[in-house]
Every structure is written in C-alpha cells, then in structure tokens.
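Please keep the sequence and the structure in view while reading.

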Amino acid sequence: MISEDVRAINYRYINATASDSAAGQIRVKETDFRFIKEIVAFVFVAGVLLGFTYFCRGVNAQEEFAAQNLRAEVMTLDRDNARLRLDVAKLEAPQRIQRIAEKKLGMTVPSGAIYGSRDIRVDQQRIKD
C-alpha cells in the first residue's frame, strides 16, 4: 500500500516536471519547499531559544558571583563591626575613665560619690521630712 502511494507521488511529480519541461520551463511548486521552510523555521526558533537560554544562564552566573561577593563583604563588615563595638566598650569602661581622670587630669573621687555613702541617706531623709 505504501509502495503504491510512493509510485503515485513519483508519477505525479514526473508528469508535472515532464509537462513543464516540454514547454521549456521547469517549475517547482511552492509545496515542494514547504517542508524545507518548516525545518528552517524550526531550527531558527530553536536557535533563538537556545541562545536566550545561554544568555540567561550567563546573566544568572554573573548575578550569583556578585551576590557571593556581597555576602563575603557583609561578613567582613560584620566582623569589623563586632571588633569596633568591643573597642568602644573598652573605651567606655568606667575604670578606664576613672584611671585617666586620676592620672592625666589629677582628679580624685570624692568620698561622697561612692555608692551607698552617707550623702544619699541624708537626701533620702530630706525627702521624707
């Protein structure tokens, strides 16, 4: 059955070209190249899609690299920030401030400034009275 179809197709093609060649012109029908046009269109669309896919992968790889660099920079800044907070805490320590005031400025701590001193009790008694 398939062989009969092939013979019929070949017969039609041979008759069409023979009649055209008899007239001195060989015409090729538009339907003969339709399959080739479909293949070219498919290959073109597939190429565009493949190119777009690779382009998107390249952009994604660049963005991941930039994000990784930013993460590393954030970690470095966090580490520096923690170190600087520790330095600030050391500089704000009351013992350090007292030591600088006593040595460099010649200041002394008054006896009434000590916590639980007699002056606080006097102030509390004034409030009660």
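## The second largest pocket

The second largest pocket holds about 170 Å³ of space. On a 1 Å grid over the protein atoms alone, a pocket is an open set of points with protein on both sides within 12 Å along at least five of seven lines. A volume is the space filled by probe spheres set on the points, which are joined across faces, edges and corners.

Residues lining this second largest pocket include Pro-94, Ile-97, Met-107 and Val-109; a lining residue has an atom within 4 Å of a point. The lining divides into 5 nonpolar, 3 polar and 1 charged residues. Here Ala, Val, Leu, Ile, Met, Phe, Trp, Tyr, Cys and Pro count as nonpolar, Asp, Glu, Lys and Arg as charged, and the others, Gly among them, as polar.

## Basis of the model

This is a predicted model, in which local features need pLDDT of at least 70 and side-chain atom pairs count only at pLDDT 80 or more, while totals for chains, interfaces and linings use all residues. Residues are numbered from 1 along each chain as its sequence is written, and side-chain values use heavy atoms, with hydrogens and water left out.

The average pLDDT (the predictor's confidence in each residue, from 0 to 100) is 78 for the protein, and 60% of the residues score at least 70.

## Helices and surface

The protein has 4 helices and 0 strands; these are DSSP runs numbered from the N terminus, with H or I over at least four residues for helices and E over at least two for strands.

Of the 129 residues, 3% are buried, where buried means under 20% relative accessible area, exposed over 50%, and partly exposed in between (1.4 Å probe, protein chains only).

Arg-83 counts as partly exposed because its relative accessibility is 45%. Asp-87 is also partly exposed, at 32%.

Definitions and conventions: On a 1 Å grid over the protein atoms alone, a cavity is a set of points where a 1.4 Å probe fits but cannot get out, and a pocket is an open set with protein on both sides within 12 Å along at least five of seven lines; lining residues have an atom within 4 Å of a point.
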